[in-house]
Structure formats: structure tokens, C-alpha cells
Amino acid sequence: MTESTAATVEPESGLAEAERVELTVDAVAPGGHCVARVDGQVVFVRHALPGERVIAEVTEVHKGFVRADAVTVLDASPDRVEPPCPYAKPGACGGCDLQHVAPAAQLAWKTAVVREQLTRLGGLTDAELDGLGVRVEALPGGLLGWRSRVRYAVDAADRAGLLKHRSHEVVPIDSCLIAHPAIQELPVLAPTGASWPAADAVETVASTGGDVTVVEVRGGISMQVSGPAVVREVAADRAWTLPASAFWQVHPAAADTLSTAVLELLDPRPGEVAWDLYGGAGLFAAGLAAKVGASGRVTVVEAAPQGVSAARRNLADLPRVEVVSARVETALARRRITGPVDVVVLDPPRAGAGAPVVRALAAAGPRAIAYVACDPAAFARDVRTFAGLGWRLTALRGFDLFPMTQHVELVGLLVPGP
């Protein structure tokens, strides 16, 4: 169940903001919540686990549902652990959703969310999901110290920190435990004396190539504070250079993990034509080019200027790779790229590819599409659109690219056929 569906079917709330209520927590839900009910009213509860009995404090009231934080645990789940971070609690930092959840249970939590979204929004049956063997896999490196890019907000007292859940309020912190160790060592946060009187935000990067950079953001303009403006990343057996503020996966193992999964599922063959859509700096294109060889061809489509420049620079040694600067939907609709095409990598933003892109890809007639998704709901909606066009989801892998948070990454294989 999601908040939107609850809002259409439930009666108006009788609970008030800041009210405390005892409740028993039910299943996990998207967004880092669990679902509970009080007198038939839907309550989305953070900092809880299924089966727990808690005292929850209402944080928001909406027509049909409320949000709440579990502030006292009366009967704890065996999967509950003490959060390692002192800021991972009600009323504090909203960056981590699952620090109170044991490692294996975090993977089970995310797997349950993926299954629920694919069932309700994607139209798949439990039997189909069982056949796909849906599960979320951990990445190497553990639950802490993995985030290689951290953006800190700045409060009215010029201190850097992180935001409360669903709020613009800044929580000043002295450490972020999921940040890469090199970022934790930077003199960015109190009590080191760091002050940011002119900044709106502070961006930090610790690349897999060993670069550490701090950027101050003022009025939307980025200003270098320390470290190189262009950082090095190492992935897919290649070295990459890109601006510190350009997109790159935040988990050090993510780029290799996703590239390997995409190539395993697609199995590109020599001489084939491949598209890498929403291609960024060209990570997937490099792997595709190596597989299709000198007789094949790869086209990257990317809209962000930084991504286009990075792709052209980093793939310059691959003459059979073309980089198209355009929005994917525009490139398809205006025939900036045309078939025939054999395989496609589809890696859209959080909102998903959307029906126009899905229809255009189905019409292009590739033999297979590898869909890389950072939002299970958007992925499920697109899977349903593909299904209406005669396509099937035949393989699915989930990866915990964002430990301690509710986020999960998926790589699915879609093929035409009954």
C-alpha cells in the first residue's frame, strides 16, 4: 500500500499532529515506512519494524492517512538493532531510514518492497516473482563508510549538516557514518570550526581514483574549495575523468556491479547495434563496445551537458561509439537515433522512462532491453507498459547500493514475446 492509495480510500484522520498513540506495526511500505492502523486509519510509521508494538508520535496529518515516528518500542522485533549513528532517530537526520534494522533484515525489507511494487503496479503474480527469484543482494564493503558523494546543507548559523525527513530544516552533525572515510576526515562539519557563511550547500567527493574534493555552492554556482575540479573514477576495467559535480554512482562498488549485471543479462554479441539511453559518462557504453567489437556500433544518448562532455572524452578511444546530446524521448521521437537496434540499456532517472519512451523502444524492435532502475515503483509501471506491448520481464536482480537507507537498485531484462 502507498500513501496515494490510502488517501483515496480511507476516512479523514481523527489523529492530530504531535499526538502519541500506541499501535502494532504491520508490513513494510515504500519510503522507509511500515504500515499500521488506528481505528481503521492508515498510519505510515518510521523507525519501526513489522510486528512491533510501539508508541508513535504523529508528525503529519493528511486526508486519509498520517505519518508518525516510533518514539518508544514496547515489543521489539528480533530484527531490531541499536542504530550506530546518534542522529538516526526521530526528529533528527532523515538521511538513513533503516539503521535500526539488522543487515539481513534490511535486504529482506527491500526485497519485500520490490515484490509489492511489482505485484501492485507491475501486474506480476506471486508465482511470476517466485520464478524470477526476486531478492536484493548486498555489495562488498559493509553498511557504513560507503557513500562517496555527500551533499551537506547549511543552516542559519553557517553550520553544515543534513536535513530532517521531509523537511528543509538542517540538523548540524559532527559526523556522517555512511560517508566514505576520506569524507569523514574532511574539516567540513562542526566541531572542527568549519563555518560556511556564504554557502547554501557543501558538496564532498571521494572518488575511486583517490581524489578528494570539496565544493561550496552559492546561489546555484559551484566554487572549488579543495581538491581537483575533475576527479578520477575506476570502473569496468577503465579509468574515467569527470567533473566533481557530475553524476557518478555513490557506492564505490556500484559501477562495476551494475555494468557486470547489465552485460550478463544482455549478452551483447559481436557485430550488434546497441543503445545506451540516459547514458551519463558512458559506463555501460564502454562495456557494450567491448562486446560488440569493431563490427558493432554503440550510441549513447544523454541530456546533461556534463554527462555528454564526460562521455565524449572518456569514450574517445572507441571509434564505434557515438554520443548524442539530447533528451531520450526527443531523440526517439525526432529520429536522432534510428533502428535497427539489437540491445538497449535503459537507465532513466527516478521518475522512470515513461510510456512514450517505452512505446518507442518496443517499436524499434531490439531483441532485449536491460532496464536499470533506482525506483521500484517507476520500474513496475514501465514493466506494466512493456507487458501491454507484448514484452516480458524474464530476469531481475536487486542490489543494495544504498545500505541503511530505503533505496534499492534493480536491473531487469525485458524481451519481446508471449
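Two strands count as paired if DSSP finds at least two bridges between them. Strands (E, at least two residues) and helices (H or I, at least four) are DSSP runs, numbered from the N terminus. This is a predicted model: local features need pLDDT of at least 70, side-chain atom pairs count only at pLDDT 80 or more, and totals for chains, interfaces and linings use all residues. Residues are numbered from 1 along each chain as its sequence is written, and side-chain values use heavy atoms, leaving out hydrogens and water.

**Sheet**
- Six strands make an open, antiparallel sheet, ordered β10-β9-β8-β11-β12-β13.
- β10 (170-172) and β13 (221-226) are the edge strands; each has a single partner, so one side of each lacks a neighbour in the sheet.
- Within the sheet, β11 (residues 201-206) pairs with β12 (residues 212-218) in the antiparallel sense, over six bridges.
- Glu 203 has Val 215 in β12 as its bridge partner.

**Helix α6**
- Eight of the 10 residues of α6 (residues 283-292) are buried (under 20% relative accessible area, with a 1.4 Å probe and protein chains only).
- The helix is therefore largely enclosed by the rest of the structure.
- Among the buried residues are Leu 283, Phe 284, Leu 288 and Val 292.

Terms used
Buried < 20%, exposed > 50% of the residue type's maximum accessible area, 1.4 Å probe, protein only.
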